[in-house]
Amino acid sequence: MSVDGLPPLREVIERHGLQAKKALGQNFLLDLNLTGKVARAAGDLTGATVIEVGPGPGGLTRALLFSGAHRVVAIERDERCLAALAEISAHYPGRLDVISGDALKTDFSALADGPVKIVANLPYNIGTELLLRWLTSEAWPPFYQSLTLMFQREVAERIVAKPGSDAYGRLGVLAGWRAQARIAFDVPRQAFTPPPKVTSSVVHLVPREAPLPADVRKLGCVTEAAFGQRRKMLRQSVKSLGGEALLERCGIDPTRRAETLSIEEFVRLANAIP
């Protein structure tokens, strides 16, 4: 038995035939020391509802419950994993709710019950899309207190990137606009089954209570246009949104490139779009 009184994860995977599926972006984290570290990165879970996406055989789920989460809501698309998650639910009566379904079709705000934290080893194929949805919610402050999420290291660097860096792009602007983001720690590829091709990183994001006022859709449009042609001057990349006239209204040199603009300058551009 493991420290939480449940069977080792490798035994659970073998017993239920839970080989990871590449089509579902699955890479299972089996080291309970590491899943515990992820749970601790989310801060004090006492009294919190934790939403987890893609629990798989339940390694992180177990760590969250063992760390004191009041309630865990786990959203799992792979029906093969439901029996293993049911065993965890029986071990922690009344504290684990498993939703069989697609996270991309889930209304996360409807799951909120008291303080909410989202903690997940996100499937690689939907991780960035989910993060963008959580960051660009119309309602702000959002329903969650924090996001503690695992990504490929390259994506994590884009989330925390600052102006002027190679990794700075649309994701860095939107994350920096609405949240304080930091990389908590890296996870080596060998910690997963099967090992991915790259190192992973856990990113912790805390929403800003009062981000710079901007229309979230217009900010999305201007960042998409600007970074869609990032090697071109802004007068060309944002031509469809007003080009030089828009830039001049905002006091921004039209010969600059997207990666040199601050978040405040992107907000200024968004607010100047008719």
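Me: A helix here is a DSSP run (H or I) of at least four residues, and helices are numbered from the N terminus. With that in hand, which residue follows α1 in this predicted model, and what is its phi?

Reply: G17 comes after α1, and its phi is positive, near 65°.

Me: Why is D4 called buried?

Reply: Buried means under 20% relative accessible area. D4 has 8%, so it counts as buried.

Me: What makes the D4 and R62 pair a polar contact?

Reply: The two side chains come to 2.9 Å, and the limit for a polar contact is 3.5 Å. Setting aside residues up to four places away in sequence, D4 touches R62, F66, H91 and Y92.

Me: Back to α1. Which of its residues are buried, and how do you know that they share a side?

Reply: The buried ones are L9, V12 and I13. They cover an arc of only 95° around the axis, so they lie on the same side of α1. Here's the general idea: an α-helix has 3.6 residues a turn, so residues three or four places apart point the same way.

Me: What is on the other side of α1, and what covers the buried residues?

Reply: R10 and E14 are exposed on that other side. The cover over the buried residues includes β1 (28-29), α2 (32-41), α3 (59-66) and α4 (82-91).

Me: Why is the packing of α1 and α4 called oblique?

Reply: The axes of α1 and α4 come within 9 Å and cross at roughly 135°. Roughly perpendicular ends at 115 degrees and roughly antiparallel starts over 145. The angle falls between those limits, and that makes α1 oblique to α4. On the α1 side, V12, R15 and H16 make the contact, and on the α4 side A83, A84 and E87 do. The crossing is right-handed.

Me: And what makes α2 oblique to α3?

Reply: Their axes are 8 Å apart and the angle is about 55°. Under 35 degrees would be roughly parallel, and roughly perpendicular begins at 65. So α2 ends up oblique to α3. L32, T35, G36, V38 and A39 of α2 meet G59, L60, R62, A63 and L64 of α3. The crossing of α2 and α3 is right-handed.

Me: What makes the S200 and Y124 pair a polar contact?

Reply: Their side chains come to 2.4 Å, and the rule asks for N or O atoms within 3.5 Å. Leaving aside neighbours within four places in sequence, the contacts of S200 include Y124, M150, F185 and F192.

Me: Why does E52 count as buried?

Reply: E52 shows 1% relative accessibility, so E52 is buried, given the cut-off of under 20%. E52 belongs to strand β2 (residues 49-53). Among the residues that E52 touches, beyond four places away in sequence, are L60, T61, L64 and V119.

Me: How many residues separate E52 from E224, and how many Å?

Reply: In sequence, E52 and E224 are 172 residues apart. In space, C-alpha to C-alpha, they are 29 Å apart.

Technical notes. Residues numbered from 1 in each chain as written. Predicted model: local features only at pLDDT ≥ 70, side-chain atom pairs only at ≥ 80, totals over all residues. Heavy atoms only, no water. Buried < 20%, exposed > 50% of the residue type's maximum accessible area, 1.4 Å probe, protein only. Polar contact = N/O pair within 3.5 Å; in protein donor to acceptor, adjacent residues only side chain to side chain. Contact = heavy atoms within 4.5 Å. Helix = DSSP H or I, 4+ residues; strand = E, 2+ residues; numbered from the N terminus. Arc of directions from axis to C-beta. Axes fitted to C-alpha atoms, helices over the stretch in contact; angles between N-to-C directions. Left-handed = near helix turned anticlockwise from the far one by under 90°.
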